[in-house]
Amino acid sequence: MREIETKYRVTDPEALMLALKAAGVELGEPVFQDDQAYAPGGWTPEMGKVGHTFARLRSLDGGVHVFTTKTPLANSMECVEHETVVADRERMHAAVLAMGYEPTVRIVKSRQTGAADEISVCVDVVEGVGAFVELELVIDDDRDGLAVQAELDSWARGLGVELERTTDTYDTLVRAAA
């Protein structure tokens, strides 16, 4: 499975919420997410992300913990992704360290999710960084990732609100804001 996404900084969250509602996107209640990001041992940002497998350990406000790996393909917004629920965050953290991964940044955010047909819509407020909207498609076919990103961008632009597209992941944005 590949996750392909586009991400946008939101300058007017209220206008975005109205535009999403007008587009038929019903968002759920906000969920608190506490993410610890990990990079392969020895990796530095100057090396780029493509071709390297990164990990994330996420805790949700309901007490659920999710472990994810992402391997960027054409760019950091197109990844092969593997994800599973884990019972114990601290033991999983220790296991990730034992596998040679290094903690990078902590990303704390509030997320509301919804859908527009097959597009997942996530509205995030990231501590220290601001408000964003992410559009994601999870596919299991050979569609070109850049073409899918262009389709997602077209959908976002069709909302008619001011959005600033970014190709940075939240870990990069949080690291830059620190």
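Colleague: How many salt bridges does a search of the whole structure find?

Modeller: Side chains of opposite charge can pair when their charged atoms come close. A search of the whole structure finds 16 salt bridges, each being a side-chain nitrogen of Lys or Arg within 4 Å of a carboxyl oxygen of Asp or Glu. This is a predicted model, in which local features need pLDDT of at least 70 and side-chain atom pairs count only at pLDDT 80 or more, while totals for chains, interfaces and linings use all residues. Residues are numbered from 1 along each chain as its sequence is written, and side-chain values use heavy atoms, with hydrogens and water left out.

Colleague: Which side chains does aspartate 35 meet in salt bridges?

Modeller: One partner is arginine 58, at 2.8 Å from N to O. Aspartate 35 lies in strand 2 and arginine 58 in strand 3, so the pair ties together parts that are 23 residues apart in sequence; strands are DSSP runs (E, at least two residues), numbered from the N terminus. Lysine 109 also meets aspartate 35 in a salt bridge, at 2.9 Å from N to O, and this pair links strand 6 with strand 2 across 74 residues.

Colleague: Are aspartate 35 and arginine 58 buried or exposed?

Modeller: Buried means under 20% relative accessible area, exposed over 50%, and partly exposed in between, using a 1.4 Å probe and protein chains only. Both aspartate 35 and arginine 58 are buried, and lysine 109 is buried as well.

Colleague: How does glutamate 78 count by its relative accessibility, and where does it lie?

Modeller: Glutamate 78 lies in strand 5 and, at 5% relative accessibility, counts as buried.

Methods. Helix = DSSP H or I, 4+ residues; strand = E, 2+ residues; numbered from the N terminus.
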